[in-house]
Amino acid sequence: MSTTLPADRKVRTTRSRPAARRTRILLTNGSPALCRPLDEDDLAELRALHQALPERDRYLRFSTLHPADLAGYLARTLAPDSGALSLGAVVRGRLVGAVQMIPVGGEVGEVAVVVAHEWRDHGVATALLEELAGAALRAGIRRFVADVLAENGGMLRVLTELGLPLNITWEGSSVRIEVALHGDERYSVAAEARHRRAAAASIQGVLRPETVAVVGAGSSEHSIGRAVLHKLRAAGFPGAVLAVNPHADQVDGVPCWPTVTELPCRVDLAVVAVPAPAVADVVRQCGEHGVRAVVLISAGLAGVPGLVDEVASLADRYGMRLVGPNTLGVVGPGERGRLDTTFIADPAPPGDVGLVAQSGGIAIAAVSAWQRLGLGLSAMVAIGDALDVDVRDVLAWFDEDPGTALAVVYAESEPDLRGLVPTAAHLAARMPVLALEAGTSVAGQRAAASHTARSATPHAVREAFYAATGIQPVMDLTELAAAVALLRGQPLPSAPAVVVLTNVGGGGVLAADACVAAGLRLDRLPEDVQERLRTVLPELAVTGNPVDTSAAVHAPAFAEALRILLASPAVGAVLTVTAPTAVSDPAPGVVAGAAASAAAGRATPVVDVQLTRATTVDRLALPGAPADRFLVSVNEPGTAARVLATAMRRREWLGRPVEAAQAPSRVDVRAAREVLASALSRAPDGDWLLPTEVSALCVAAGLRTVPASWVRTAGEARAVAQAYRGSVAVKGYVAGVLHKGDAGYLRLPVTEPAAAAAAVSEFRSRAGKAWLGAVVQPMVAPGDELLVGAVRDPSAGPIVVLGPGGRATDALGHRVHRFAPVTDTDAEEMIAATGLFGTAHGRALDRIGIADCVRRVGWLADALPEVAEIDVNPLVVTVARTAALDVRIRVEPAGPEVLAAQELAQRRDETSGGRARSVGPSGPCACGGRCASVTVADPAHSSPDLVLPREVTSDDVLARP
């Protein structure tokens, strides 16, 4: 599989080689590969890769280059001053593929790929090209070109299925393909699907091994390795089990070998439970023996200097997936006879709930609770310190596993939340995904200067992540157990409104309060529903909502009332609250009513609260209902309301419109970049922008601001204030001072030009050498004040915040957080979630203007990786208009990885240039913009009968004679 490179192609020597980095990639067969730059030291191995190709592959790789010229060509392209970039994919120490890019002028680079014959069809070329695209963008390359023989179907398929916009020209027996390096939604979807399938395949050896070796199985009853052997046997693991112990011939009947390298057969999975100082040697032995995956139970690696990095390097070198260290172990899929490498006391029952957890203790508690509820595991991976296998890998497995119907995540830290988003969102579209909250205390809040940065606590970051992915958070283990049971035993709410049905008035009040606190709606029941309730309930019953049946109600009447509610289309869910009295116990009526409705095909969920229940969560069978329907019963109204809110949020998330974030109108990314380049030339290490720079950046972003003038002297302040012809505000800017009002550098209202001059004179005198200047700004009509901002988080990227602003910034309302860029739906949800717009006054405000500001701030943070913080505070909002009164922006140099990713995002709306034209009629595509911006060559340069569909596939290219 290769592209054709002509013999007369000149290698440019006038530009330096683009920077590239070592990274681990996953191939489609699940093999981890190390992608690294190639240089002159790799000449012999790269030459051997070419020479080992079958004759047919060599012909496709070099249509005009004689094999005698191969060594010279490769030496020239690997030379440091060639300007070419070569990346190689190394699996278990062997170079299995390479990609080369040679700059050929302007923003264009010519690419060629070679893959070892036996590694074709494993995604090597695709993975290398994706890595090459990032390095090329950092070097200013915007387009790849490749000349491919028309008969080279493999390479044509690779290039066309990348998902990037293409320009295709047939030239005799070859095809010229131009690839524009600006990914659109189609590329994102294709790249995520490739990663998901590869990640799931890569942990096949972890969860479906045929042979398991336990390293460190001792004869002591306290040996964890021995406990793992027992667990494998108890779970009925159907494969071969071996043990490694240099001091024993056998452990509990399992034969032992002194070292891993002496094992008599191939091993898919090694479970390692040895002291930390011995870990590196054992992992090295596993690699040398060809072990596919390692579950590293051993803890304490961080206490041995350099050990963590050494183990990670060994896993990379030998192409092994590694779970842990400090892991409880894993449980594989299967009903009878399954993998269980944990040391949990009780066997994990089979089921359809998938679990990925960093904490072994949390995993034990969760599995035990589910077992009491009749629920079990489809698979479990305790990732421990997550040195290699992480949450994203395991979620990809659940997505590809038909035996998993619900997934649960417990992660105390996640270094790449942004990268996790597409995988988690894809999974959440298929099944419920719950996350047990961790690390959300105020103690985790960062010490930051701006209001926006102070707002970006760990809890706020997780809030934005959950909103982006559809993962539903739960607060504790009881709530987790109840939510899992509800989502497995009951349908999702059928409408937004919840009804509380109770026989004890106080319990109904508690439940109603809990529902409101959880964000649930308790609408008054329609009159026809109330009338039907009155026909079956005692005379003293209250039928509004909550429905209080009175303490005298008997179980049959309670069951009939429940059936009436479940039959109403106005009722989305019912929360029952009961307690036995000396007269009656309506609890059996809850089961009877829910069972009858389920048997009749009703799809409205019920959550039961029995106030005198001894257990916190229980499962109640529903006789006559479908086999997968059961009732979850708890003893606290608050728990019931929160788990019902979890189901309601899932219903709402599934019903959200699917939309891609679009750049707001009238934005100028080039002008914005010029502002940032100028600012960073002034302050190479980063700084808060000066007001003139802020103003220019706001203009580039189309952000509506209140007019302002920058002055440095008292005389300038007097002249500006006089020109405004009215009251003004004077704001002093002093190095190191962010909050001007708190530091005494704010005067308002200033009614006379002389007073403005005096204020600037005073500020300047007090600031001394730290004086920067002042802003003179006309006073605006009073309005509601909001905070809109964005801050760049190390793991999540840019996060946008909306909440109360001005003097109320840290006092009132609720701040809402979302990932940038922000969609129209995101902006509307943020406005609603603040709780500031539910009154008549709030509903009359300029919500369109607020949403516009939120989207533009999100665009700035997303499109410009140098923007570290944005603080629009206050944003003044009236019925008629919205304007930013004060804007602060901090910039810092962006890392190369961030810049490369941003280049892809920035160029989504740009065309690939050249003589290309869009396929199909001008104007919006009938698909609504979901298709890729595929292009074909101008008709003057291609056959007149060529017609390509809007999404080019390999079949389209290969069909061309």
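**Cysteines, strands and helices in a predicted model**

Colleague: Is Cys-853 buried or exposed?
Modeller: This model is predicted. The relative accessibility of Cys-853 is 4%. A residue under 20% counts as buried. So Cys-853 is buried.

Colleague: How many disulfides does the structure hold?
Modeller: A disulfide is a covalent bond between the sulfur atoms of two cysteines. The two sulfurs must lie within 2.5 Å. For Cys-698, the nearest cysteine sulfur is that of Cys-853, 8.8 Å away, and Cys-698 is in no disulfide. The number of disulfides in the structure is zero.

Colleague: Is Cys-698 buried or exposed?
Modeller: Take its relative accessibility, which is 3%. The limit for burial is under 20%. Therefore Cys-698 counts as buried.

Colleague: Which strands stand at the edges of the open sheet of six strands?
Modeller: The order is E16-E18-E17-E19-E20-E21, with mixed pairing. An edge strand here has a single partner strand, so one side is left without a neighbour in the sheet. The strands at the edges are E16 (329-331) and E21 (472-474).

Colleague: Which residue in E18 does Val-331 stand opposite?
Modeller: Strands of a sheet pair through backbone hydrogen bonds. E16 and E18 (residues 377-382) run antiparallel, joined by three bridges. In E18, Val-331 stands opposite Met-380.

Colleague: At what angle does H21 run to E21?
Modeller: H21 lies across two strands, E20 (433-436) and E21. Its angle to E21 is about 165 degrees.

Colleague: Is H13 roughly parallel or roughly perpendicular to H21?
Modeller: Two packed helices are described by the angle between their axes and the distance between the axes. The axes of H13 (residues 417-430) and H21 (residues 637-654) come within 10 Å and cross at roughly 105 degrees. Angles of 65 to 115 degrees count as roughly perpendicular. So H13 is, relative to H21, roughly perpendicular.

Colleague: How many charged residues are in the contact of H13 with H21?
Modeller: From H13 come Ala-425, Ala-428, Ala-429 and Arg-430, which meet Arg-650, Trp-653 and Leu-654 in H21. By class, five are nonpolar and none is polar. The number of charged residues is two.

Colleague: Which residue in E38 is the bridge partner of Val-867?
Modeller: E38 (residues 887-891) is mostly covered, with four of its five residues buried. E36 (residues 867-877) pairs with E38 in the antiparallel sense over five bridges. E28 (residues 687-688) also runs antiparallel to E38, with two bridges. There, Asp-687 has Val-891 as its partner. For Val-867, the bridge partner in E38 is Val-891.

Methods
Residues are numbered from 1 along each chain as its sequence is written. This is a predicted model: local features need pLDDT of at least 70, side-chain atom pairs count only at pLDDT 80 or more; totals for chains, interfaces and linings use all residues. Side-chain values use heavy atoms; hydrogens and water are left out. Axes are lines fitted to C-alpha atoms, for helices over the stretch in contact, and angles run from 0 to 180 degrees between N-to-C directions. Angles under 35 degrees count as roughly parallel, over 145 as roughly antiparallel, 65 to 115 as roughly perpendicular and the rest as oblique. Contact means heavy atoms within 4.5 Å. Ala, Val, Leu, Ile, Met, Phe, Trp, Tyr, Cys and Pro count as nonpolar, Asp, Glu, Lys and Arg as charged, and the others, Gly among them, as polar. Buried means under 20% relative accessible area, exposed over 50%, partly exposed in between (1.4 Å probe, protein chains only). Two strands pair if DSSP finds at least two bridges between them.
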